[in-house]
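I wanted to go through this one by side-chain contacts and write down what turned up. Notes are below the picture.

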Amino acid sequence: MVYAPSIILTAAGLAEKLDAMDPLPLSEGHSAHGHDALGGVELSGEVRFDIPVAQEAATNQGVEGHELHEHMSASSSEAALRKTLNISVVTMGGTNVATVVCSASTTVYELKQILARMGSDGVGVHRLVHGVSVLEDSQTLSCCCSVENEPGLEEEVTLTSILMCPSAISSFLADMNSPCLSATAALAEFADSVFQSEYSDSEKARPSVDAVLMVPEERANLIGWMVEAFDVMQFSDSILFSALLTLDRYCACLTAIPETKSYGHALLAAVCTEMKLANADKYGGSWQHYIRHLCQNRFALPEILEKEREVLSTLNFAVGVPTSLTFFSGLSLRQRPALPNSRCFELGLLLLHVALFDVKIQYNFPHVVIAAAALSAGLSICDEPEIRREEVLEDLSAYCLCMESMVQLVEKCEEELLDLWMQCASGRSEWSEWYLSVHRKFSSPFHKEVTELHAAARLRGLRQMS
């Protein structure tokens with residue numbers, strides 16, 4: 001069997017998202033006839049189905065009833081795609097802003113492009129709503145068709161256009177005037193869609209705490225080893241965070257706790273996958289060389305690749321899931337130019353590393369919340385202006401519209417993060433032994449020696465608010 005990888009969208013995969021929005025091709029098939037969705041014609045109180053030749057032959061060969069139903073449902077869908085739609089686009093107040101005649105196979109994204117060329121708002125600035133359903137860009141307009149209408153007839157459809165204000169991050173990207181950042185600014189129109197897609201993909205893939213079947217000490221030992229080894233080899237932190245998330249998701253799919261040796265196999269397999277997906281400048285050189293070096297030749301490369309196939313197959317080849325580091329980078333976009341020399345980003349990154357040890361923090365909270373909590377703590381402890389922290393909380397709306405409940409989660413997560421860090425640093429945590437590798441990493445001048453900072457005052461303030 002040949003497996004086709006399905007890469008989950010991240011900001012780096014914006015081109016794949018746009019490709020996925022191409023219109024669905026029209027299928028050659030038989031359209032249903034009659035008064036109902038299955039092509040029924042009412043005769044003398046009975047329902048007779050007008051079955052095309054291909055269906056009749058299949059029936060004579062003993063096709064089961066439910067298979068025939070599925071075939072006919074597919075034919076109905078194909079018939080809907082061949083309809084012509086007369087679409088009226090109106091505002092919330094009922095004012096008609098455009099009338100478009102197009103095929104039901106047209107995608108929502110293509111309709112938005114048509115509206116943009118007609119002088120309406122930009123493609124990513126508004127949402128189209130049919131009835132009470134928000135239409136996604138990848139959907140075809142056939143979802144607006146009435147099943148009662150005959151195929152081939154023109155159908156009247158009314159869509160409501162709801163203007164969406166771009167997020168502060170999107171506006172920030174659009175305002176970039178530097179020539180070296182012009183490519184980033186060009187993507188501002190699509191930024192909010194990508195951010196929301198990242199959040200959605202992250203939540204779909206986030207395992208439950210109880211499902212991660214790993215011995216906590218063994219897992220902490222692997223994290224400590226990765227932090228130290230990857231730092232020495234100058235790997236990007238994105239490989240560390242992505243590999244651990246892949247490992248946790250794999251273990252969450254298992255029915256029993258694996259043997260200790262299997263942890264190492266699965267981790268190397270996850271690292272192998274992430275190195276293949278990452279840009280070469282995130283580690284440099286040959287991934288085969290680094291994998292052999294990481295395992296000290298204790299495992300043969302074919303053995304690791306076989307384990308990689310098993311891990312990917314278990315995860316249905318869904319990789320590239322956004323991590324807390326992904327969201328940390330997004331939420332930092334507006335802050336870094338304003339605070340070029342601040343230690344808050346390194347401190348936030350340290351807290352993200354600390355969160356990796358505790359499965360409860362790592363998977364009880366959405367990863368965008370963990371990222372916001374870490375950045376909020378960094379800004380507060382480094383005594384940056386309060387408006388900077390408020391901007392981070394505002395930028396959460398770019399990922400999730402239910403901002404009010406998210407802000408409460410951020411404060412709760414920030415309190416737990418700082419408490420865990422203080423316990424690890426003082427030797428009172430069960431993870432203190434493995435935290436030492438994180439402490440050594442962030443004690444270096446490269447990371448601005450942020451381990452010297454103190455969180456006690458900020459933690460007291462959070463506890464007083466709760």
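**Ground rules**

I'm working from a predicted model, where local features need pLDDT of at least 70 and side-chain atom pairs count only at pLDDT 80 or more, while totals for chains, interfaces and linings use all residues. Residues are numbered from 1 along each chain as its sequence is written, and side-chain values use heavy atoms, with hydrogens and water left out.

**Entry 1: rings**

I started with aromatic pairs, and the structure holds five. My cut-offs: rings of Phe, Tyr and Trp (for Trp, its six-membered ring) pair if their centres lie within 6.5 Å; planes under 30 degrees apart count as stacked, over 60 as edge-to-face, and the rest as tilted.

Phe 230 and Phe 235 make a tilted pair, with 5.1 Å between centres and 50° between planes. Phe 230 and Phe 235 are both buried (under 20% relative accessible area; exposed is over 50%, partly exposed in between, with a 1.4 Å probe and protein chains only).

Phe 235 also pairs with Tyr 290: the centres are 5.2 Å apart and the planes are at 75°, so I logged this pair as edge-to-face. Which parts of the chain does the pair of Phe 235 and Tyr 290 tie together? Phe 235 is in the loop between α8 (216-232) and α9 (237-252), and Tyr 290 is in helix α11 (residues 287-295), so the pair ties together parts 55 residues apart in sequence. For the record, helices (H or I, at least four residues) are DSSP runs, numbered from the N terminus. Tyr 290 is buried, like Phe 235.

Elsewhere I found Phe 195, Phe 327 and Tyr 399 in one aromatic cluster.

I then looked for charges over rings (NZ of Lys or CZ of Arg within 6 Å of the ring centre and within 35 degrees of the ring normal). The charged end of Lys 276 sits over the ring of Trp 287, 4.6 Å from its centre. Arg 336 has its charged end over the ring of Phe 345, 4.3 Å from the centre.

Just after α11, Gln 296 takes a positive phi of about 55°.

Next, α8. Its buried residues include Arg 219, Leu 222, Met 226 and Phe 230. The buried residues of α8 pack against α9, α10, α11, α14 (344-357), α15 (359-364) and α19 (432-442). After α8 comes Gln 234, with a positive phi near 60°.

**Entry 2: a proline in a loop**

I looked up Pro 366, in the loop between α15 and α16 (367-381). Is Pro 366 buried or exposed? Pro 366 is buried, at a relative accessible area of 6%. Leaving aside neighbours within four places in sequence, Pro 366 is in contact with Tyr 199, Glu 203, Arg 206 and Leu 409.

**Entry 3: salt bridges**

My search of the whole structure found 19 salt bridges (a side-chain nitrogen of Lys or Arg within 4 Å of a carboxyl oxygen of Asp or Glu).

Lys 441 bridges to Asp 237, with the closest N and O atoms 2.6 Å apart. This pair links distant parts of the chain, Lys 441 being in helix α19 and Asp 237 in helix α9, 204 residues apart. Both Lys 441 and Asp 237 are buried.

Glu 391 bridges to Arg 388, closest N and O atoms 3.2 Å apart. Both lie in helix α17 (residues 386-395), three residues apart, about one turn of the helix. Glu 391 counts as buried at 13% relative accessibility.

The side chains of Arg 389 and Glu 411 meet in a salt bridge of 4.0 Å, N to O. Arg 389 lies in helix α17 and Glu 411 in helix α18 (residues 403-426), so the pair ties together parts 22 residues apart in sequence. Arg 389 counts as buried at 7% relative accessibility, whereas Glu 411 counts as partly exposed at 29%. Last one: salt bridges with shared partners join Arg 334, Glu 394 and Asp 395 into one network.

Notes:
Helices (H or I, at least four residues) and strands (E, at least two) are DSSP runs, numbered from the N terminus. Contact means heavy atoms within 4.5 Å.
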